[in-house]
Amino acid sequence: MDPVRNPYAPGAGQRPPELAGRDRELGQFEVVLERIARGRPERSLVLTGLRGVGKTVLLNALRSQAIGRLWGTGKIEARPDQSIRRPVAAALHMALREIAPRHRDPDRVDAVLGVLKAFALREPAGAGPAGRRGAGRAVPRWQPGIDVPAALGRADSGDLEIDLVELFADAASVATDLCVGIALYVDEMQDVPPGDVSALCAACHELSQTGAPLIVVGAGLPHLPSVLSSSKSYSERLFHYLRIDRLDREGADRALKAPAEREGVEFSAEALDALYAVSGGYPYFVQAYGKVTWDAAPASPIGKDDVLVAAPTADAELAVGFFGSRYERATPAERDYMRAMAGLGDGPVPTAEVADALGRKPSSLSPARDSLLKKGLVYSAERGLVAFTVPHFGQFLRGQPG
Ligand SMILES: Nc1ncnc2c1ncn2[C@@H]1O[C@H](COP(=O)(O)OP(=O)(O)OP(=O)(O)O)[C@@H](O)[C@H]1O
Ligand SMILES: [Mg+2]
């Protein structure tokens with residue numbers, strides 16, 4: 001059928017034509033927003049799940065919900081080895097700009113922007129001019145693009161925890177004046193450097209005690225809760241973890257049928273069976289197989305044969321884009337490790353068995369395992385177990401020539 005009208009959208013963070021199966025999460029967040037705006041104690045939400053399961057898309061939907069309530073919002077995507085100071089500054093700047101035009105006292109908003117600028121310009125402790133000398137020439141000073149002079153003596157101590165508490169409190173106070181709140185979204189939260197994670201949790205903890213209307217909404221891989229709790233033991237009471245999983249049969253069908261209906265196209269029941277069999281309900285795969293099937297089908301209703309004809313095209317695209325791009329990032333030793341994991345099955349596997357399969361001592365494999373963890377290709381579901389973060393990755397590896 002007409003590829004121009006093809007509604008499906010495989011791709012990282014791509015808004016799906018139908019956000020299926022997430023009504024519970026959206027409903028819970030409505031309650032969180034309402035409670036926080038009324039100054040009630042409430043835990044922040046943190047979404048966790050495998051690659052391609054729809055965390056970023058849901059995080060964006062939660063952001064739209066907050067914007068719909070006239071909250072100020074901003075978002076960061078954490079990167080390993082990058083401090084969150086500047087990204088957080090930029091995100092809060094965005095949030096304040098969203099709500100500032102409604103504030104009656106521009107001087108008060110400017111005062112908070114001055115604090116934000118001071119926070120943004122503050123070098124991390126220990127990385128002053130002496131720390132920058134190594135490059136041989138001065139690094140140009142970064143400019144946050146805020147038109148007011150930087151304040152002095154607030155949110156600029158260099159200690160991220162203290163600075164975040166002060167900055168969050170000031171930003172939240174502007175929102176309080178307007179009877180709204182501020183939501184800061186943190187994607188790939190497992191990649192926030194350990195010191196920064198601890199500062200962020202501490203700042204949220206401090207803020208939640210004062211009832212200030214600012215929340216941090218996170219998303220990350222399945223081991224994110226253990227990253228947070230090893231940083232601050234009280235993080236379990238701070239965040240409400242929502243596991244984002246693959247879609248059930250009803251959700252996957254809706255994700256395919258609703259967009260097609262809007263184009264006057266239908267699926268046969270057998271076609272939907274076949275699509276669920278190949279996608280396993282994983283949102284990325286639902287979009288990928290839906291897209292090629294649409295293009296392959298000559299007319300509505302889309303039948304089972306159309307799915308079977310199209311599936312190899314999607315398999316090939318996924319092998320390059322979804323699996324291959326990640327496999328490429330692994331070193332030979334890491335690839336051996338992952339192949340051994342794949343040989344042991346699809347669920348979490350004991351690290352001791354991986355070592356056995358490779359005929360090696362477990363300790364000699366720690367570097368490979370640790371770098372795979374750092375690259376986000378595997379995660380540790382619980383002590384002594386490893387699993388792929390990418391759904392169907394074991395199946396993909398088993399299909400590769402040795
Ligand atoms: N609820 C949903 N219904 C239908 N399609 C969805 C849904 N959620 C996500 N998708 C689709 O799945 C794909 C992956 O979504 P997204 O990038 O949000 O996943 P992710 O969990 O953030 O992945 P990663 O861990 O790689 O960042 C996108 O193509 C998106 O359109
Ligand atoms: Mg994502």
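**Close-up 1. Helices α10 and α12 pack at an angle of about 40°.** In this predicted model, α10 covers residues 249-262 and α12 covers residues 283-296, and their axes sit 10 Å apart. The crossing of α10 past α12 is right-handed. On the α10 side, look for A252, A255, L256 and A260; they meet V286, G290 and W294 of α12. Sort the residues of this contact by type and you get six nonpolar, one polar and no charged.

**Close-up 2. Helices α3 and α4 pack at an angle of about 165°.** Here the partners are α3, residues 85-99, and α4, residues 106-121, with 9 Å between their axes. Anything over 145 degrees goes down as roughly antiparallel, which is why α3 and α4 get that label. This time the crossing is left-handed, as α3 passes α4. From α3, the contact takes in R85, R86, V88, A89, L92, H93 and L96. From α4, V112, L113, L116, F119 and A120 join in. By type, the contact of α3 with α4 comes to nine nonpolar residues, one polar and two charged.

**Close-up 3. Ligand 1 sits among 27 surrounding residues.** The closest of them are A9, G13, Q14, K55 and T56. Zoom in on Q14 and you'll find one of its polar backbone atoms 2.6 Å from an oxygen atom of the ligand. A20 also brings in its backbone: an N or O atom there lies 2.9 Å from a nitrogen atom of ligand 1. Then there's Y284, with a polar backbone atom 3.4 Å from an oxygen atom of ligand 1.

**Close-up 4. A cis peptide bond links S300 to P301.** Omega for this bond is near 0°. To find P301, go to the loop between α12 and α13, the latter being residues 304-328.

**Close-up 5. A155 has a positive phi without being a glycine.** The angle is about 60°. What are the two helices on either side of the loop that holds A155? They are α5, residues 129-132, and α6, residues 160-177.

Methods
Residues numbered from 1 in each chain as written. Chains lettered and ligands numbered in written order. Predicted model: local features only at pLDDT ≥ 70, side-chain atom pairs only at ≥ 80, totals over all residues. Heavy atoms only, no water. Axes fitted to C-alpha atoms, helices over the stretch in contact; angles between N-to-C directions. Helix = DSSP H or I, 4+ residues; strand = E, 2+ residues; numbered from the N terminus. Parallel < 35°, antiparallel > 145°, perpendicular 65-115°, else oblique. Left-handed = near helix turned anticlockwise from the far one by under 90°. Contact = heavy atoms within 4.5 Å. Nonpolar A, V, L, I, M, F, W, Y, C, P; charged D, E, K, R; others polar. Near = heavy atom within 4 Å. Polar contact = N/O pair within 3.5 Å; in protein donor to acceptor, adjacent residues only side chain to side chain.
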